[in-house]
Amino acid sequence: MHWIDGHIDLAYVAMCGRNILEPCKETEKSCISIPDLVKSSISTFFGTIYTSQANDFCGYGNSSNREAAFAAGAKQLELYKNIESQGLLSIQHEGCKCSESLSMLLLMEGADPIRSPEDVEWWAEQGLRIVGLTWSSGTRYAGGNDCETGITDEGKELVASLDEHAIVHDASHLSDCAFDDLCSNTKGAIIASHSNSRAVLNNHSQRHLTDEQAKEIFRRGGVIGLNLCTQFLSKTFDKNNTDATIDDCVEHIMHYCELAGNRTQVALGSDFDGGFPTTYLPINLKHPNQVCNLAEALLDAGFNEDDLASFAHGAWMSVLN
Ligand SMILES: [Zn+2]
């Protein structure tokens, strides 16, 4: 079974100093590299260009510094292009397919590197396919999940420009207010590349999707990717600090399928190892080569082979095609 993973911060972990051309050696800390992906069933992934204002490795000071933000994003683009030029990876510029060899679609997490709405054309030419307006802390385009603000006027212009270039919107990390603004400013496709259910977690964090938000994404034909970070999976994490389980994953997936009324709009958006160590991944899901364990659990929970194929790759293919 081929898998498409909707969210992997590969360039970011390289920015942090990891040699992503070598297999991960300290498996308790890291699991993402080109060789680790090659030996797993994940043949295609949405590779992020992740930036945020104050980050040590991918920061740019603040949002008003457009050139610095552009440079931070372009550096990660260059890294992907460099790996592609070595024949280790191919960047899919249109459609979305499961390739035999490793391939990726470019996803920008935090849109400050797009200097202005006019800049979208250049980024689209580079292969940019999906854009999330912001990470948690906000950008000059939108409030993130740590903010109470919505989409700015310039952000609304950016949304229109992204639509013109058929770039898909990623709602993960938007504040609730920004989510509403996005819905009222686009008729285009909206996904949430790596967001779990606020109702299942029974908490109030804007980092997770409300049932209403999930239903709106499904109503528009979008897809939600399951995030594998323990804190975003386990209802009891805050109390006992234990690892999430595959059962926690299944609970979020089934809840989403119920809201969608089908099993074709939920997929994987693992965030494997991006900004958190492998200890924060669920038990028996600590490495991309363990996605088969999630597949088995979904079959046990009542998925048939078609449902599973949709979760593994079909859902992402349908929305990106
Ligand atoms: Zn993220």
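**Exercise 1.** Determine whether Cys16 is buried, exposed or partly exposed.

*Solution.* Begin with the count for Cys16, which has 15 other C-beta atoms within 10 Å. Next apply the cut-offs: with C-beta atoms placed from the backbone, a residue is buried if 20 or more others lie within 10 Å of its own, exposed if 12 or fewer, and partly exposed in between. Cys16 is therefore partly exposed. The model is a predicted one, in which local features need pLDDT of at least 70 and side-chain atom pairs count only at pLDDT 80 or more, while totals for chains, interfaces and linings use all residues. Residues are numbered from 1 along each chain as its sequence is written.

**Exercise 2.** Describe how helix α11 packs with helix α12.

*Solution.* First locate the two helices, residues 291–300 for α11 and residues 305–320 for α12, where helices are DSSP runs (H or I, at least four residues) numbered from the N terminus. Then take the geometry: the angle is about 145° and the axes are 10 Å apart, with axes fitted to C-alpha atoms over the stretch in contact and angles running from 0 to 180 degrees between N-to-C directions. Finally, name the residues that make the contact, namely Ala295, Leu298 and Leu299 of α11 with Leu308, Phe311 and Ala312 of α12, contact meaning C-beta atoms, placed from the backbone, within 7 Å.

**Exercise 3.** Find which residues touch the most other members of the largest nonpolar core.

*Solution.* Such a core is a set of buried Ala, Val, Leu, Ile, Met, Phe, Trp, Tyr and Cys residues joined through C-beta atoms within 7 Å.

Note on methods. Two residues are in contact if their C-beta atoms, placed from the backbone, lie within 7 Å.
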